[in-house]
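Biologist: I am new to this structure. Could you take me through how to read its features?

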Amino acid sequence: MSLNRARVLDVDPLLDDPKTRIVVCCGSGGVGKTTTAAALGLRAAERGRKVVVLTIDPARRLAQSMGIDSLDNTPRRVKGIEGDGELHAMMLDMKRTFDEIVEAHADPERAATILNNPFYQSLSAGFAGTQEYMAMEKLGQLRARDEWDLIVVDTPPSRSALDFLDAPKRLGSFLDGRLIRLLTAPAKLGGRAGMKFLNVGMSMMTGTLGKLLGGQLLKDVQTFVAAMDTTFGGFRTRADATYKLLQAPGTSFLVVAAPERDALREAAYFVERLAAEDMPFAGLVLNRVHGSGAAQLSAERALAAAEDLDSAAAENLDEARIVDQGDGKAGLRNSPDTYDSSESPASETPAPDGSDEGSPAATDRIAVTDEHQTATTDEDRTAATDTDRTVEQLTSGLLRLHAERMQLLSREQRTRDRFAALHPEVAVAEVAALPGDVHDLAGLRDIGDRLAANRPELPETTLEPGA
Amino acid sequence: MSRLQVVSGKGGTGKTTVAAALALALATEGKRTLLVEVEGRQGIAQLFETEALPYEERKIAVAPGGGEVYALAIDPELALLDYLQMFYKLGGAGRALKKLGAIDFATTVAPGLRDVLLTGKACEAVRRKDKSGRFAYDYVVMDAPPTGRITRFLNVNDEVAGLAKIGPIHNQAQAVMRVLKSPETAVHLVTLLEEMPVQETADGIAELRAAKLPVGRIIVNMVRPALLDDTDLELTTAVPRTAIAKSLSAAGLGGARRGGLAERLVDPLLQQAEEYAERHTLEREQRAVLTEQDLPLHELPLLADGMDLAGLYELAAELRTQGIS
């Protein structure tokens, strides 16, 4: 058992608490963030809450499983939920969200000017950053409707995923900045006549910008900014409100990662960043953690055994035949029921095995008799002669597969330990790896169970194999 | 062989690793490559185990045979000032722009300008020549944004050229597009043999092709070794458990009788084989999807000890063996 075992993140109390109104899942790309958000949403709903999940860019089949593959920017109720709760899900439509804000804040004529502006069209169609703003805007909208007990939000899959934290500030400094006055000035003051009220530096700037951007683009930008001017106030208020909402006690941030070096490094960045912004951070969800039911067998030992089997395969074939034909002598080939003690005495001689280890020879002999008796009565006997060679090869393969698994396990363990050492304060929920992808509610439910069970499929004593 | 090698891939597929290995592979035999990072993650520095990269081309590795790998982490803000200085001799005005918040605006809020600067800088390095008229770098390898964003990222100059219909930005944007859409460029996609990354790769290829951007190769990363073949997998269901227990016991792993150490290994080992079989089937399906793309397909092994500098050289050697450089 690890000494520096991380604190445990218990997701059920978090999901059940009526005071929890927003859960934000963030993390780098490819760690199963969207799946985690969906699984949390489903679990909360099936535990009786009325939930909406806001996803950014779900994999097609995951979206289909929740019935949100049509992108219409409105939450749809997900069918097939067990229990009294409700699950709604929606996929963010960036452009539409942006358009809606413009329409909500400008009179129809002005809105039309903005929506037709080429500069606006590029901006809203999703350059880096727009997605972050719009995700938070949508979150604010959903929260304002107050129709749901709990909103689970997925964040855009990039390092800049936390840019949404900057969005209000950036927007604010931009709106307060002299640049916007500079950009809006000519349009507001009726063209060049207005320029004389600006200082020389400023006119040089517009000159420079004009030179740089080309006169027509500068004009587009100016028209856009001028038209947006009245709506900007609204933008800013909303951005500020969303920022405060994120900091409020009803919000919890979960950082999602996989037990890999890069993903956990990104996770550490998120954890530090959230702390710096005073955001309510609940803990780390560690996806795809591997376990093994045979963790008592180390990789080295498994590989050595596999090699024994391979190299001895040919001669063993003959020997095996002879032995199996002989009466009850199969047992001679059994090795004593104990592992090489130099391997890892601590983990491989746990107390319950004491009886085995105590008198290997005696127990083995008894076992051999048993075994032989059963062997003669079942299919083992025929199988042995025909497939013994193959069985040995198969067993060798199984052992190599196990060795690979154990190497993976110890690599994951090292990575986790490093993270835990650096961030001992972070509570962690581990999710056991699935062999395949998730694309239905049953799969999401399974992930939710694994999240709540908070460990790989096996007890944690098995996590430290012969280290 | 294209001189600008763009490496994209879904998050978590190891595109930075593959880009770095490719830069190393292309540098062997006395060549000089530039590895460019555009997302400010400092992934290259971490991979090469050096301190954070400044906005400066700096030698970070020597390839087998005497080649050199340089690295550059492009900072959009500095790139813009650089650009202003280069084209307009606007040193002082650049600083004033920065004070005004224009640089911040340009690199964060203004649509696409950030991407224009990033691609522009990479293309500049591709075209740069030294005094003797030789290219400064034989190859430029870009650790590009993820698959979901790559087409838009590379195509941003088209969009900008459409927005700024005249002027230096327009000209610059067009010059960049000429490089990106020519055979000088190849866009490679890194994936894993999993459903989501493969789907995204297929979508990404379709988008790149629609935008007339040159798609290069598919690189499947972190391929797990094939430890059991189909016969083995069939046998796992056919062979009696007792036979496996005996075999384990013969290999010195304890008693094969019920409750013996070897016997108790059988179930977990078969369970792992079952999971392997499930994954194996999924991987085969995904490989088939990738094969349909009709592009050169490469596979890089999963490194058992995790990724480190030695592993990077191993992957570079593998890429060379597979004739990618």
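**Reading strands, cores and helices**

Modeller: Start with one strand residue. L34(B) stands opposite V140(B) in β5(B). Keep in mind that this is a predicted model.

Biologist: In which sense do β2(B) and strand β5 of chain B pair, and over how many bridges?

Modeller: β2(B) pairs with β5(B), residues 139–143, in the parallel sense over five bridges. β2(B) also has strand β4 (residues 68–73) of chain B as a partner. Six bridges join these two, and they run parallel. There, L34(B) has Y70(B) as its bridge partner.

Biologist: Which residues have the most contacts inside the largest nonpolar core?

Modeller: L24(B), L35(B), V36(B), V140(B) and V141(B) do, in a core of 167 residues. Helix α1 (residues 15–27) of chain B gives the most to this core: ten residues. V140(B) itself touches, among others, L4(B), L34(B), V36(B) and A122(B). A second, separate core has 35 residues, including A305(A), M406(A) and A250(B).

Biologist: How do I read two packed helices?

Modeller: Two packed helices are described by the angle between their axes and the distance between the axes. Take α2 (residues 33–46) and α18 (residues 441–453) of chain A. Their axes come within 8 Å and cross at roughly 85°. Therefore α2(A) is roughly perpendicular to α18(A). Among the contact residues are A38(A) and L42(A) of α2(A), and L444(A) and I447(A) of α18(A).

Biologist: What classes of residue make up the contact of α2(A) with α18(A)?

Modeller: Nine are nonpolar, two polar and two charged.

Notes:
Residues numbered from 1 in each chain as written. Chains lettered and ligands numbered in written order. Predicted model: local features only at pLDDT ≥ 70, side-chain atom pairs only at ≥ 80, totals over all residues. Axes fitted to C-alpha atoms, helices over the stretch in contact; angles between N-to-C directions. Helix = DSSP H or I, 4+ residues; strand = E, 2+ residues; numbered from the N terminus. Parallel < 35°, antiparallel > 145°, perpendicular 65-115°, else oblique. Contact = placed C-beta atoms within 7 Å. Nonpolar A, V, L, I, M, F, W, Y, C, P; charged D, E, K, R; others polar. Pairing = 2+ DSSP bridges. Core = buried A, V, L, I, M, F, W, Y, C linked by C-beta atoms within 7 Å. Buried ≥ 20, exposed ≤ 12 C-beta atoms within 10 Å, placed from the backbone. Lists of a residue's contacts leave out its neighbours within four places in sequence.
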